[in-house]
Amino acid sequence: MTQITPQPGIMDIALYESGAAHVDGISNVVKLSSNENPFGPSDQAREAYAKAGYDLHRYPSSDHGALRRALAAHHGLDTDRIICGAGSDEIIAFLCQAYAGPGTEVIHTEHGFAMYKISALAAGATPVEVPERERVTDVDAILAACTDATRLVFLANPNNPTGTMIGDGEVARLAEALPPHVLLVLDGAYAEYVEGYDGGAGLVDARQNVVMTRTFSKLYGLGGLRVGWGYGPKHVIDVLNRVRGPFNLATPALAAAEAALRDTAWTEKCRNENSRLRAWLAEALAEHGVPSDTSTANFILARFASPDQARACDAHLQSQGLIVRQVAGYNLPHCLRITVGDEPSCRRVAHAIGQFMGDAE
Ligand SMILES: *Cc1c(COP(=O)(O)O)cnc(C)c1O
């Protein structure tokens, strides 16, 4: 009998389920289950990626200087307080590894992103789930849940899978009222979709207890490359750089991300199409009796009358080659999260849900 056992907490981790990409027996599927950009990345990013293929015998940059300088210039930030990770998932993991551990607590919200809980458990910490108010972050509930053991509060704004967000004033109130030993992590994976929103960068600059995470996986269409980044106070970035592996990002990923950032015409086009089609899709579903909260991201959370109806609609969509996301694991068993695809995909989804709801009457 083996006595080899993992650290406490590891076996409590439920394996992350990524969005499905296939339906048995159907070839012409549309994947709307992972909030990917339906238009893909900028051509300039593809070219930079291909060009980097000629230098694969060289180790990548270990300080990510070129990408950090480009990010700082683009967003008006301090280069020295940016850290890059293999997706923002890796920044989330660094934060838990560095600041949480056995005997500490990590707060996330009721419908918060799954990686917060997974990374907290992987670090041996105790994840604490805080209620939301009608699928919207409740700052007072977060503050009420803080204890002497709390080390991190994770808040996605806009949140996934609800698509809702809270205003700058509420976020600032949270940062101000947190106990002094607690770090607030603002996850801005969808910040680029919100016109005029800085993802919390201003709050990071103004305070010592706020970190922001961002990603190239959503608006920039580079989920396959794994590039994310964080922006924080100097003391936090200094800590995170100590747990970061020196070569955590591959050369083609760094090159493509930098090129993607510079192609502002492409991101502008993708953002505008997303806004237009998101509004169209939400209204089309509402007309079929399927409401959703106002989303500020690249997906909508469709609400059904019951978990059974949501599952049945998901099955119908699959039979039509449309893959969306069940979110029972996010305490939303009566909902389906639908990524805003291109126009033909949105029309197919609206048509299929209309069919389903019509048949249900
Ligand atoms: C998609 C997503 C991420 C990002 O993931 P990457 O690791 O950067 O691909 C982070 N947070 C939320 C809330 C997300 O939805």
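**Around the ligand**

The ligand is surrounded by 13 residues, and the closest are Ser 88, Asp 187, Thr 215, Ser 217 and Lys 218; a residue is in this shell if one of its heavy atoms lies within 4 Å. Keep in mind that this is a predicted model, where local features need pLDDT of at least 70, side-chain atom pairs count only at pLDDT 80 or more, and totals for chains, interfaces and linings use all residues. Residues are numbered from 1 along each chain as its sequence is written, and side-chain values use heavy atoms, with hydrogens and water left out.

Now for the polar contacts (pairs of N or O atoms within 3.5 Å). A ligand nitrogen is 2.6 Å from a side-chain N or O atom of Asp 187. A ligand oxygen is 2.6 Å from a polar backbone atom of Ser 88, and an oxygen of the ligand also lies 2.7 Å from a side-chain N or O atom of Tyr 190. On its own the ligand has 390 Å² of accessible area, and the protein covers 93% of that (Shrake-Rupley, 1.4 Å probe).

What about the cysteines? The structure holds 0 disulfides, a disulfide being a pair of cysteine sulfur atoms within 2.5 Å. For Cys 84, the nearest cysteine sulfur is that of Cys 96, 19 Å away. Cys 84 counts as buried because its relative accessibility is 1%, buried meaning under 20% relative accessible area with a 1.4 Å probe and protein chains only. Cys 96 is in no disulfide either, with the sulfur of Cys 146 nearest at 15 Å. Cys 96 also counts as buried, at 0% relative accessibility.

Methods
A polar contact is a pair of N or O atoms within 3.5 Å; within protein, one must be able to donate a hydrogen and the other to accept it, and residues adjacent in sequence count only if both atoms are side-chain atoms. Buried means under 20% relative accessible area, exposed over 50%, partly exposed in between (1.4 Å probe, protein chains only).
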